[in-house]
Amino acid sequence: MNLRLGIYEVFSRIVPGGLYIVAVAQFLSILGVVTLDLQAFNNLSLAASIGLVVVAYILGGAFDIFSLALFRLFKKKGFSERALTQFKKNYEDRWQIDFKDHDHLVLLAFIRTKNLELAGELDRHNALSIMLRNVSLGLLLLAANSLIQFLVSRNPINIFISLSMLVLSMLIIRESIKFRGYFLNGIYETILAYRIDLETAIK
């Protein structure tokens, strides 16, 4: 069994999963359930570090459904359809484009059969999109924690932190949408390039 984690797992699961660990730990600390000791993180054993990575991976997967809901909240309806429509406008005067926006996963599977390295590059854009939407959700949770902390301590600095986290979360979710567009356009451009190459070969 291959135990190596690919770029998809690293970016879209473990990195935001670490942020979820921080958000959950901070929330439990506010409730007084646990006491945060930042110095203890510097003295973690290798086994404990690996354990945290595993927990981050699990949380990254578990929270992804909520990050997807956040993504869809900010992504305009018909996003993939509009992306394909714009792509067709750019190229339909020279080449026929007859695939549909919902065909992108099948097209990506075809690209994998032709060039696994190129498919990996396309997967990278998708992984970054997933990672960023999860980071956005993590920051949103931290913003909520800071707001709760303000209600408990009445320290106005927590309001500033909460607003900063909220703004950063909104900016990052927009970047996530942008990388999703790169992912779709990359698939469409690659399939069109294969078609052009085939048409050239048979002429």
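Mentor: Asp-123 is buried, with a relative accessible area of 17%, where buried means under 20%, exposed over 50% and partly exposed in between, using a 1.4 Å probe and protein chains only. This is a predicted model, in which local features need pLDDT of at least 70 and side-chain atom pairs count only at pLDDT 80 or more, while totals for chains, interfaces and linings use all residues. Residues are numbered from 1 along each chain as its sequence is written, and side-chain values use heavy atoms, with hydrogens and water left out.

Trainee: In which helix is Asp-123 found, and which residues does Asp-123 touch, not counting those up to four places away in sequence?

Mentor: Helices are DSSP runs of H or I with at least four residues, strands are runs of E with at least two, and both are numbered from the N terminus. Asp-123 is found in helix α7, which spans residues 116-153. Contact means heavy atoms within 4.5 Å, and beyond the sequence neighbours up to four places away, Asp-123 touches Leu-108 and Arg-112.

Trainee: Which parts of the chain does the pair of Arg-13 and Asp-64 link?

Mentor: The side chains of Arg-13 and Asp-64 meet in a salt bridge at 3.8 Å, N to O. This pair links distant parts of the chain, with Arg-13 in helix α1 (residues 7-30) and Asp-64 in helix α4 (residues 64-74), 51 residues apart. Arg-13 is buried at a relative accessible area of 15%, and Asp-64 also counts as buried, at 12%. Arg-13, Asp-64 and Arg-133 are linked in a network of salt bridges.

Trainee: How many residues apart are Lys-178 and Glu-175 in helix α8?

Mentor: Lys-178 forms a salt bridge with Glu-175, the closest N and O atoms being 3.1 Å apart. They are 3 residues apart in helix α8 (residues 157-202), so about one helical turn separates them. Lys-178 counts as partly exposed at 37% relative accessibility, and Glu-175 likewise counts as partly exposed, at 31%.

How values were computed:
Salt bridge = Lys/Arg side-chain N within 4 Å of Asp/Glu carboxyl O.
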